[in-house]
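Please report on the fold, the pocket and the cores of this protein. Keep it brisk, and define each term as it comes up.

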Amino acid sequence: MYRGQPVRGASAACPIRNPSRSRTMRHRDLFRTGVVLLAVVALTLPGVAAPAVAGPGAARAAAARPVAFQPSATLTAREEPRWSVQPSSRKGPTGKNHFVYDLSPGEQIIDYVGISNLGKEPLTLDTYATDAFNTEDGAFALLPTGQDPRGVGAWIRLPQRSYTVAPGKRLDVPFTLQVPANAEPGDHPGAVVTAMSVTATGKEGQQVTIERRIGARVYLRVSGPVEPSVQITGMELRYDNPVVPFPGGDLTVTYRVANLGNVRVAGKARIQVKGPLGIRLGHSEMIDIPELLPDSEVRLTSTIHGVFPAGPISASLAVNPETVDKKEAVPTARRAASTSAAPWGLLIFLGVLVAAVVLVFVLRRRRRRLLAEIAGGDGGVPDPAGGDPTPLAAGRPA
């Protein structure tokens, strides 16, 4: 018989199956099995929400789950207050970004700071003055809240410690700046600060208190002798020696610049890299030195790319500072450091090349010697008794 043809004589007890229907039933079974497997996987995978379960205990179970604190989530106006601080006067803001004064020892002035509430809830802010300094990366920073100021922060007095500002309103607060009679000449940086503590819930459910501070900078210049001075107090080199010496490696220069004078300075710097016999191996672009406050030090890092490992290399740093008002000349600060940058990849390659040449030379010499010994022999066979070789007969043996 041929496949696909009906079989004659088939009885009702042995019905003939329909192949297309059987395949359809198998597909349905496979589909149902796949749906069940996907449901099991969805319930077991972390982070996949399970279907809602009806019943009185479902709502209590959902409410009992801890909610992690996300700092990036949008907070309410009460949790995230917004305000600004700027120089002001009795009639309102002056348009200045900072308080800048040039006063003499013993002089006193009265000025105003404007505090604007940008939110929709009343704000109660601590208002006080403190001193400023440079962080290690050159940022303008303020003393911690618990540390007492000794400079301009201690010479500013406000009528009260705390102020409440209505929503969408501005409060112009007066303050008195009294320069002591024995104040040292030069720059005294600081700020008039407004602060507020905000309580948030951490991931583990703990309460965290965060103090937010916003202030307006104060730059006070006390009249007297001006003595600008900048020094490079430290310099270190680190060379990343490449396996392949071309096109060169990276030379990282880390250095510290300190303002040892009594006025604010800034400036430009540049690094020159040299090898043996003064060969120039590279240089940096112009580097901006951030504003340095008196008695502050910054730590900076620069990288020069493509420095060939020429053995001993040296880097020289030159800092050209200038006062912020550009009225006084400041001597250039210089410093140099050296390190070793041997071209190990090139040396290893040359060593392997020399070894290969020597090996080829030795093998050729030995081959020539063997050929010479073979060519210089008479073709005899050594006597077993140790005598002279017995020459072979030209003809057949008798």
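## The largest pocket

A pocket is defined on a 1 Å grid over the protein atoms alone, as an open set of points where a 1.4 Å probe fits, with protein on both sides within 12 Å along at least five of seven lines. Lining residues have an atom within 4 Å of a point. Grid points are joined across faces, edges and corners, and a volume is the space filled by probe spheres set on the points. On these terms, the largest pocket has a volume of about 410 Å³. Its lining holds 18 residues. Asp187, His188, Pro189, Pro294 and Asp295 lie nearest its centre.

Two elements, β5 (123-134) and β10 (186-201), each give two or more residues to this lining. β5 gives the most, with four residues. Strands here are DSSP runs of E with at least two residues, helices are runs of H or I with at least four, and both are numbered from the N terminus. By class, the lining of the largest pocket has eight nonpolar, six polar and four charged residues. Ala, Val, Leu, Ile, Met, Phe, Trp, Tyr, Cys and Pro count as nonpolar; Asp, Glu, Lys and Arg count as charged; the others, Gly among them, count as polar.

## Model and overall fold

This is a predicted model: local features need pLDDT of at least 70, side-chain atom pairs count only at pLDDT 80 or more, and totals for chains, interfaces and linings use all residues. Residues are numbered from 1 along each chain as its sequence is written, and side-chain values use heavy atoms, with hydrogens and water left out.

The protein has four helices and 19 strands. Of its 398 residues, 30% count as buried. Buried means under 20% relative accessible area, exposed means over 50%, and partly exposed lies in between (1.4 Å probe, protein chains only). The protein exposes about 26,900 Å², and carbon and sulfur atoms supply 56% of that area. Areas come from the Shrake-Rupley method with a 1.4 Å probe. A contact means heavy atoms within 4.5 Å. Among contacts with a separation of 6 or more, residues 24 or more positions apart account for 70%.

## Nonpolar cores

A nonpolar core is a set of buried Ala, Val, Leu, Ile, Met, Phe, Trp, Tyr and Cys residues joined through side-chain atoms within 4.5 Å. In soluble globular proteins, nonpolar side chains tend to be buried together. The largest nonpolar core here has 29 residues, and Leu251, Tyr255 and Ile271 have the most contacts inside it. The elements giving two or more residues to this core are β12 (230-240), β13 (249-259), β14 (265-274), β16 (287-292), β17 (296-307), β18 (311-323) and β19 (333-341). β12 gives the most, with five residues. A second, separate core has 27 residues, including Tyr101, Leu123, Trp155 and Val165.

Leu251 lies in strand β13. Its relative accessible area is 0%, so Leu251 counts as buried. Beyond four places in sequence, the residues Leu251 touches include Leu237, Val273, Ile304 and Ile313. Leu251 and Pro309 are 58 residues apart in sequence and 9.9 Å apart in space, C-alpha to C-alpha.

## Selected strand and loop residues

Ser116 sits in strand β4 (residues 108-117). It is buried because its relative accessible area is 12%. Ser116 touches Arg82, Trp83, Ser84, Gln86, Lys169 and Arg170, leaving out residues up to four places away in sequence. Glu291 lies in strand β16. At 25% relative accessibility, Glu291 counts as partly exposed. Its contacts beyond four places in sequence include Asn134, Tyr219, Arg264 and Val324. Glu291 and Val324 are 33 residues apart in sequence, yet 7.9 Å apart in space, C-alpha to C-alpha.

Gln160 is in the loop between β7 (156-157) and β8 (162-165). Gln160 counts as partly exposed, at 42% relative accessibility. Which residues have a positive phi without being glycine? One is Leu277, with phi near 60°. Leu277 is in the loop between β14 and β15 (280-283), and at 88% relative accessibility it is exposed. Another is Asp295, with phi of about 60°. Asp295 is in the loop between β16 and β17, and at 71% it is exposed. Asp295 is also one of the residues nearest the centre of the largest pocket.
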